[in-house]
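Okay, thanks for coming, everyone.

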Amino acid sequence: MTFRHSSLLLLIASLLLGFVWVFEHPFEKETAKRSIDRRLFPEIDPQAIESIELRQADQSLQLNDQRHGWQITKPISYPAEDTKVTAFIEGLTQLSYQSALPATPQSESDGEDLYGLNTPSGHISVAIGSETYRLDIGSVSAGNITFVRRGNSEQIFTLPSDSVQALDVTPDNWRDPRVFTYPDAEIEEIQIVGPLSDVRLQRDGVGTDWRMMDPHPGARLDNNYLTFFLQQLTELRADSFHDKQAIPTQVTLNIGMSENRRYTLNIQAPYPKNPALVWATLPDSNTSVTLNKAFIEP
């Protein structure tokens, strides 16, 4: 191979290398950019969160993990809907920023709050042991962008406004709407106390058959109907929540369960604003609810 041939091959190789660098390098930079973890809380383990606080203006909501389920602890005490809390935690741990902005100490010293974070409109905070992770929510800018800041950090981020505008501090929207929260397999006795009659039913051991104890001991029962009734009970949901109403009880449903647990549902007068609903009071609760009358009538 002559020197001329070697030089030509070296020139071709150099051109190919330059072609690869020119056209591949931007793609490498873009790939690296895409691989950046933009999550605001990548270090949070969703399973380890023990409490959540949501604040918007002068309203706040506190949720605590009670091991057997989530509980609203402020401003009321009531079981929370676990699926909603789980979805919220998943959304928070995957919350990703659009861009990172530097803080502007000069504007802050001049008293100008460019990002609305000197006095945040709200915040989200979660606690894991002694650690608290907080997200302050600032003002909304053009283009559906909201400014946020982690805790007391100077770093400011932008988020799509719809990811934080839905910050919900209304307790009723976090309540567990289920009226009866136990598996029907745990029910051993049913007592229905009405104005004219008292019916008591008992399950035969661990089977599916039931027998009447009062008022006609030993009377045969329609077990298919009992199965349907228990299914309706476990699927019953509160239509709305209210402060406890001083309304006389018309029918009382007493449920006896395993381990000597008791459950009482007091069914009251029809709900005046909607004839398809009735008032009811849940056990050990300062809350009245409205229920679908279709469950009560049979």
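So, start with Arg-134, which sits in strand 7, residues 131–141. Strands here are DSSP runs of E, at least two residues, and helices are runs of H or I, at least four residues, both numbered from the N terminus. Quick housekeeping: this is a predicted model, where local features need pLDDT of at least 70 and side-chain atom pairs count only at pLDDT 80 or more, while totals for chains, interfaces and linings use all residues. Residues are numbered from 1 along each chain as its sequence is written, and side-chain values use heavy atoms, with hydrogens and water left out.

Phe-41 is 93 residues off in sequence, yet the C-alpha atoms are 9.4 Å apart.

Nine strands make an open sheet, ordered 4-3-2-1-6-7-8-9-5, with antiparallel pairing; two strands pair if DSSP finds at least two bridges between them. Strand 4 (78–79) and strand 5 (99–101) are at the edges with a single partner strand each, so one side of each has no neighbour in the sheet. Strand 4 pairs with strand 3, residues 70–74, over 2 bridges, and Gln-71 has Pro-79 in strand 4 as its bridge partner.
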